[in-house]
Amino acid sequence: MEEREHVLTILKNVESTLKRKNYTKIKSLSNQIIHNASIHQDPDIISTAVIIYSLSKLLEQEVYKENRSWDNFYNQYIQHLKKAVQLLKKDDIAEFRQEIDLIRKLIQGLSGKLKDYIKDVFRKARINKASKIYEHGISMEKTARILGVSLWELAEYSGKTKVADINLAVTMPLGKRIKLAEEIFG
Amino acid sequence: MKNLIFDAGPLINFSMNGILPILKKLKKEFKGDFLITKEVYHEIIEHPQKIKRFALGALQLKELFDEGIIKYAELTAQQVDELRKKRNQILDISNSLYRAKGRNIHILDKGEAAAMALSLVLKEPTALVIDERTARMLAENPDNLRKILQRKLKTNVTAKTSNYKEFKYFKVIRSTELIYLAHKKKLIELKDPRAYEAMLYGLKYKGCSISEHEVEQLKRL
């Protein structure tokens with residue numbers, strides 16, 4: 001895995017931040033991974049970012065913690081995450097990948113509303129991370145492919161962000177573009 | 001004869017905003033073809049048909065395709081070959097244009113590259129209709145794109161600036177400029193005077209990379 005040390009540092013930070021229950025910090029740690037993911041486009045880094053972001057979203061929502069399956073789900077999530085850190089320390093990428101995948105598969109052991117909710121959190125986490133990568137300057141189609149999300153979902157999500165509102169993104173005076181449109185239709 | 005080559009984004013955007021009939025009317029006014037590539041067909045029709053949330057939009061686009069409002073370019077076998085070569089060249093050049101941390105940053109995918117390649121293969125005047133930011137910036141100001149990458153990735157990003165020129169031939173308009181034309185040509189059926197503004201914002205919020213300031217400018221034109 002590219003940038004193993006960086007991902008390891010982030011994961012260790014997640015562990016310590018969890019103890020302090022600083023869920024906003026966990027979200028920002030997932031964004032730090034995404035900076036590198038935009039360059040390397042390594043699926044392992046991207047999956048890790050999605051898992052961390054999902055964790056922060058899951059912890060934000062109190063109501064589902066009352067579900068009887070929650071404690072078991074959360075404990076397994078954390079155990080897999082801890083094991084993933086140990087495997088990454090040993091540079092055992094194949095096993096690390098498997099641990100991250102096991103977190104994703106934890107949903108299969110759930111049922112009812114909690115299952116639907118967590119499934120939705122994972123799906124939205126992928127779209128959120130895709131939107132971040134697009135914001136970094138990678139094309140929408142490329143980003144959708146990297147994250148395995150649909151272009152439709154990504155367009156809908158990123159349209160609500162400020163990605164088009166930064167000055168650098170305005171690359172032609174509007175009048176000139178209008179003239180171009182009129183000429184081609186002329 | 002002229003051509004408008006559509007990337008997936010603007011068609012998805014028109015569909016999600018429920019304004020595909022305006023595209024039909026624009027086509028009637030246009031002395032040429034609205035073209036798509038096979039890659040775009042996959043993104044706007046084949047793939048979303050399998051997603052419950054987007055299947056309706058995909059079917060509406062399929063109808064547009066079946067009616068010939070949007071269509072594949074009629075290419076000779078030689079042009080098809082040329083298209084593939086040019087698409088791969090665009091991918092190679094764009095995906096090795098910027099570097100960070102000792103690696104090339106892959107910025108484009110084959111759909112966007114194929115739309116660009118098609119505009120090079122066709123002899124007639126063409127413009128690309130692209131809503132997403134990266135491909136448009138690559139064509140119009142690749143150094144601004146480098147600056148965005150550098151700022152967002154929080155690391156030094158270098159560029160093979162001698163290759164910037166490879167993208168300067170592409171002319172890009174967005175879905176919002178099409179709605180501007182529809183407005184000027186009085187093709188918008190909704191009678192409420194706020195409809196034009198609502199459409200511009202609808203397109204922005206479904207992924208057209210236009211700034212709020214530009215939307216406000218368009219409103220006043």
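Colleague: Which residue of β2(B) stands opposite B:Leu4?

Modeller: This is a predicted model, in which local features need pLDDT of at least 70, side-chain atom pairs count only at pLDDT 80 or more, and totals for chains, interfaces and linings use all residues. Residues are numbered from 1 along each chain as its sequence is written, while chains are lettered from A and ligands numbered from 1 in the order in which they are written. β1(B) and β2(B) pair in the parallel sense over four bridges, where strands are DSSP runs of E with at least two residues, helices are runs of H or I with at least four, both numbered from the N terminus, and two strands pair if DSSP finds at least two bridges between them. Within this pairing, the residue of β2(B) opposite B:Leu4 is B:Phe34.

Colleague: What is the bridge partner of B:Leu4 in β6(B)?

Modeller: β1(B) is also joined to strand β6 (residues 126-129) of chain B by four bridges, and these two strands run parallel. In β6(B), the partner of B:Leu4 is B:Ala127.

Colleague: How many residues of β1(B) are buried?

Modeller: A residue is taken as buried if 20 or more other C-beta atoms lie within 10 Å of its own, as exposed if 12 or fewer do, and as partly exposed in between, with C-beta atoms placed from the backbone. β2(B), residues 32-36, is mostly covered, with four of its five residues buried. β1(B) is largely enclosed by the rest of the structure, because the buried residues among its five number four.

Colleague: Which residue of β3(B) stands opposite B:Ile36?

Modeller: Strand β3 (residues 70-72) of chain B pairs with β2(B) in the parallel sense, over three bridges. Opposite B:Ile36, the residue in β3(B) is B:Tyr72.

Colleague: Which helix gives the largest share of the side of chain B that touches chain A?

Modeller: Two residues are in contact if their C-beta atoms, placed from the backbone, lie within 7 Å. By this criterion, 59 residues of chain B are in contact with 37 residues of chain A. Among the elements of chain B that each supply at least two residues of this side are β1, α1 (8-16), α6 and α8 (142-153). The largest share, seven residues, comes from α8(B).

Colleague: What radius of gyration does chain B have?

Modeller: The C-alpha trace of chain B spans about 55 × 45 × 35 Å along its principal axes. The radius of gyration is taken over C-alpha atoms, and the globule rule is 2.2 Å times the number of residues to the power 0.38. A compact globule of 221 residues would be near 17 Å, which agrees with the value for chain B, 18 Å.
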